[in-house]
Amino acid sequence: MEQRKIKLFPYRVEAQVEQVSEIPKGIEMIQAPAVWSQTKGKGITVAILDTGCEVSHPDLKGRVAGGRNFTDDDNGNPDVFVDYNGHGTHVAGTIAAVSNNTGVVGVAPEANLLILKVLNKDGSGQYEWIINGINYAVEQKADIISMSLGGPEDVPEMHEAIKRAVAANILVICAAGNEGDGNFATDEFGYPGSYNEVISVGAVDLQRHSTNFTNSNNEVDLVAPGAGILSTYLNKSYATLSGTSMATPHVSGAMALVKLIANESFGRDLTEQELYAQLIKRTIPLGNSPRLEGNGLLYLTAQEELAKVFTPAVVAKVLSQ
């Protein structure tokens, strides 16, 4: 196929530090620690299609189950998926960083990461690399695919690869994009985030306000923290980044937790559509247009909070709708 280019959505690196010791505010904001007594994601594999990963980072020790390079970095060696950019390492930390009494912790600190390097050190790549990465994730039977990348082109071959992944019961979670103009009435479409088959994630700040950069359109499914997000970075350091790229891994990590909790609750393996419904039940509206926030903010304890307010019969009726 024609070698068209795809790249990281624009994002901001706001600060870089050598040492931290905290649960990042975004992790707390979506209520991840409140469900860790039930599960921390053990046994779930999240495929991260990004710029690679700094596997040697102490907060990612033991979390990377494998990987593959589809880019031209390192002369195209498929076995070298080192991150020279920082973006992929930051995403990986938000999903599954392990707290060692120092550093940070991710949403699902016991999930396995499959690192699929589809963007090079410059944060750009070819659609063919993305497609190959998606197909590889399907072959490896990943549970979740996380993509904090995109471009303006609707590429049929990429769309077909995503459809195959969803047909294989894989949840595909994508950044909505950072071309927003602050006006929910206007459309900003980025792909693959605007495909109906994916879970499209917009960004809010740590005060739950919509960010002025997040895309608005009728395919946004939900929002998550995406401004001032602290996570792992290059050279065993930490950095604060902003973008829908940072919101997406919050949802990818959360989906690892939701899948385990929901499957155990129902006593069977739920389908991709059923798991999507379970995710959406764990959102709360913020009062913005659905074109800006979809179903609302990711909030993992939404059902428990609902139960505190209403009787069991009312809760059951609401959740059945």
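**View 1. His87 and its surroundings in the predicted model.** Leaving aside neighbours within four places in sequence, His87 is in contact with Leu8, Tyr11, Asp50, Thr51, Ser148, Tyr233, Ser245 and Met246, where contact means heavy atoms within 4.5 Å. His87 belongs to helix H2, residues 87-96; helices (H or I, at least four residues) and strands (E, at least two) are DSSP runs, numbered from the N terminus. His87 is buried, with a relative accessible area of 0%; buried means under 20% relative accessible area, exposed over 50%, and partly exposed in between, with a 1.4 Å probe and protein chains only. This is a predicted model, in which local features need pLDDT of at least 70 and side-chain atom pairs count only at pLDDT 80 or more, while totals for chains, interfaces and linings use all residues. Residues are numbered from 1 along each chain as its sequence is written, and side-chain values use heavy atoms, with hydrogens and water left out.

**View 2. The annotated active site.** In an unreviewed UniProt entry, the annotation "active site" covers Asp50, His87 and Ser245; UniProt positions are given in the numbering used here, feature names are shortened, and annotations may be inferred rather than shown by experiment. Although these residues span 196 residues in sequence, no two of their C-alpha atoms are more than 10.1 Å apart, so they gather at one spot. Asp50 lies in strand E3 (residues 45-50) and is buried, with a relative accessible area of 1%. Not counting residues up to four places away in sequence, Asp50 touches several residues, among them Leu8, His87, Leu116, Lys117 and Ser148. The side chain of Asp50 also reaches the backbone nitrogen of Gly88 at 3.2 Å.

**View 3. The largest nonpolar core.** A nonpolar core is a set of buried Ala, Val, Leu, Ile, Met, Phe, Trp, Tyr and Cys residues joined through side-chain atoms within 4.5 Å. The largest one has 49 residues, and those with the most contacts inside it are Ile48, Leu113, Ile144, Val251, Met255, Leu298 and Leu300. Among the elements that give two or more residues to this core are E3, H2, strand E5 (112-117) and helix H5 (244-266), and the largest share, nine residues, comes from H5. Leaving aside neighbours within four places in sequence, the contacts of Ile144 include Val46, Ile173, Ser252 and Met255. A second, separate core of 32 residues includes Ile131, Met158, Ile162 and Val166.

**View 4. The largest cavity.** On a 1 Å grid over the protein atoms alone, a cavity is a set of points where a 1.4 Å probe fits but cannot get out, and lining residues have an atom within 4 Å of a point. By this rule there is one cavity of 30 Å³ or more. About 40 Å³ of space lies in the largest cavity, a volume being the space filled by probe spheres set on grid points that are joined across faces, edges and corners. Its lining includes Pro24, Gly93, Thr94, Leu230 and His250. The largest share of this lining, three residues, comes from E11.

**View 5. Leu297 and its contacts.** Leu297 is placed in strand E14 (residues 297-298) and, at 0% relative accessibility, counts as buried. Leaving aside neighbours within four places in sequence, Leu297 is in contact with residues including Met29, Val204, Val223, Arg282 and Ile284.

Notes: Polar contact = N/O pair within 3.5 Å; in protein donor to acceptor, adjacent residues only side chain to side chain. 1 Å grid on protein atoms, 1.4 Å probe; cavity = no way out; pocket = protein on both sides within 12 Å on 5 of 7 lines; lining within 4 Å.
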